[in-house]
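Please prepare a short briefing on the structure shown below.

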Amino acid sequence: MPQHLVLIGGGHSHAIVLKMFGMKPLSGVHLTLITDVLYAPYSGMLPGHIAGFYSYEECHIDLRSLCEFTQCEILVDRAIAIDFNKNQVICQNSPPVSFDLLSIDIGSTPATLSVPGANEYAIPAKPVPEFLANWNQLITSPANYLNQPLNIAIVGGGAGGVELALNMQSRLARKTDNYQINLVHSGAELMPQHNQRVRHRLKKIIINSGIKLHLMEKVVGIKNTKIIDTNKSSECHIPNYEIACESGLRLDVNRIFWVTQASAANWIKTSGLATDSNGFIQVNDYLQSVSHPHVFAAGDICTMINYPRPKAGVFAVRQGPPLFENLQRFLLAKPLKPFAPQAQYLGLIGTGNKKAIASRGSWMWESRLLWYWKDWIDRQFMQKFQHKN
């Protein structure tokens with residue numbers, strides 16, 4: 001009997017799975033990718049894109065071209081539920097999609113629900129397409145900030161928030177000197193998952209770059225404070241917001257970018273899949289759902305119950321090959337192979353000036369050579385998905 005493998009999401013793991021299925025197809029297996037974007041962002045190069053070092057094409061995977069190579073049907077839509085009684089994926093705008101085997105790689109988004117006003121006025125770092133649309137609108141509209149200072153706030157002082165702040169600063173500094181970036185973090189130190197040397201060095205770089213650092217500041221509310229231009233009797237075209245912190249600090253800003261703790265799509269849990277306390281799919285050592293054996297998951301959307309790891313792109317990339325192998329083994333009714341992610345990983349943090357800091361365990365190294373090495377690694381990864389159809 002023909003089998004239908006449905007992939008939800010075009011994340012790093014699924015891009016690798018599609019590439020490998022194209023190189024090693026299975027007879028009698030039909031593939032469908034459900035994705036709400038045709039171009040999947042590669043997280044490793046996004047900070048460099050924000051800084052202006054990479055074009056959009058250089059840091060996005062063309063999923064349509066990849067699916068043509070793999071002979072995979074592509075459905076451009078958003079999955080909103082799974083009906084396990086009928087084994088169907090429910091989509092926002094299309095008829096339900098039946099499956100025999102399902103794999104989910106839809107990433108995560110920053111949690112904003114607990115902060116009043118954040119959902120309405122903050123721009124989350126993910127989904128990436130919406131974030132980039134806002135960032136590109138900002139940097140391509142100089143009229144918005146030539147007549148008055150541009151004030152930006154980034155909420156979240158993990159690796160993502162720090163790298164975002166430094167790369168935004170790099171891009172804006174080449175366009176205007178009429179701006180200010182604020183980095184707001186609830187903790188006492190930046191990047192708590194990295195060693196003290198890395199934390200201290202990046203704090204120094206942040207401060208020396210002119211970014212205003214606000215530590216131990218928990219955001220408790222955001223409100224819209226649009227200014228009325230009395231000369232034109234209309235609302236000022238520059239957004240204005242007030243960030244309220246628990247300490248009493250108030251920040252008046254024009255844009256708020258939200259890069260806090262990751263959260264999962266609500267429909268994952270409501271569909272009946274076993275999840276952890278944050279709503280992420282619980283998977284075993286085979287990347288297989290602990291509650292539904294015919295469902296696999298990878299990337300940020302899953303939590304390996306025996307190997308909890310940070311939500312980082314490096315783990316999604318590493319999960320790609322074992323996910324592919326176990327999907328094929330499941331379809332062939334063969335025993336699955338366990339996968340154990342590395343305990344530590346090498347973090348390469350770009351500082352916005354074509355330099356990078358390497359972080360692993362208690363070790364740190366800062367060099368311009370690291371940025372070029374990272375650039376070479378990232379370009380080699382993206383080269384895998386270039387196809388001439």
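The model is predicted. A search of the whole structure finds 11 salt bridges, and the structure holds 1 cavity of 30 Å³ or more.

**Helix α5**

- Helix α5 runs over residues 128-139 and has 12 residues. From its first C-alpha to its last it reaches 16 Å, close to the 16 Å expected at 1.5 Å a residue.
- The buried residues of α5 are Val128, Phe131, Leu132, Trp135, Leu138 and Ile139. Seen down the helix axis, these buried residues fall within an arc of 125°, so they line one face of α5.

**The largest cavity**

- The largest cavity has a volume of about 90 Å³. It is lined by 14 residues, of which Gly44, Gly48, Gly350, Trp371 and Lys374 are the closest to its centre.
- Helices α2 (46-51), α7 (159-173) and α11 (368-383) each supply at least two residues of this lining. Helix α11 gives the most, with 4 residues.

- Side chains of opposite charge can pair when their charged atoms come close.
- Arg78 forms a salt bridge with Asp36, with the closest N and O atoms 3.1 Å apart. Arg78 lies in the loop between β5 (73-76) and β6 (79-83), and Asp36 in the loop between β2 (29-35) and β3 (39-41), so the pair ties together parts that are 42 residues apart in sequence. Arg78 is partly exposed, with a relative accessible area of 37%, and Asp36 is partly exposed at 40%.
- Arg379 and Glu58 meet through their side chains in a salt bridge of 3.2 Å, N to O. This pair links distant parts of the chain, 321 residues apart: Arg379 is in helix α11, and Glu58 is in the loop between α2 and β4 (60-62). Arg379 is partly exposed at 35% relative accessibility, and Glu58 is partly exposed at 31%.
- Glu58 and Arg379 also belong, with Asp375, to a network of salt bridges.
- Lys126 and Asp300 meet in a salt bridge of 3.1 Å, N to O. Lys126 lies in the loop between β11 (123-124) and α5, and Asp300 in the loop between β23 (295-297) and β24 (302-304), so the pair ties together parts that are 174 residues apart in sequence. Lys126 is partly exposed, with a relative accessible area of 33%, whereas Asp300 counts as buried at 9% relative accessibility.

Key: Residues numbered from 1 in each chain as written. Predicted model: local features only at pLDDT ≥ 70, side-chain atom pairs only at ≥ 80, totals over all residues. Heavy atoms only, no water. Expected span 1.5 Å × (residues − 1). Buried < 20%, exposed > 50% of the residue type's maximum accessible area, 1.4 Å probe, protein only. Arc of directions from axis to C-beta. 1 Å grid on protein atoms, 1.4 Å probe; cavity = no way out; pocket = protein on both sides within 12 Å on 5 of 7 lines; lining within 4 Å. Points joined across faces, edges and corners; volume = space filled by probe spheres on them. Salt bridge = Lys/Arg side-chain N within 4 Å of Asp/Glu carboxyl O.
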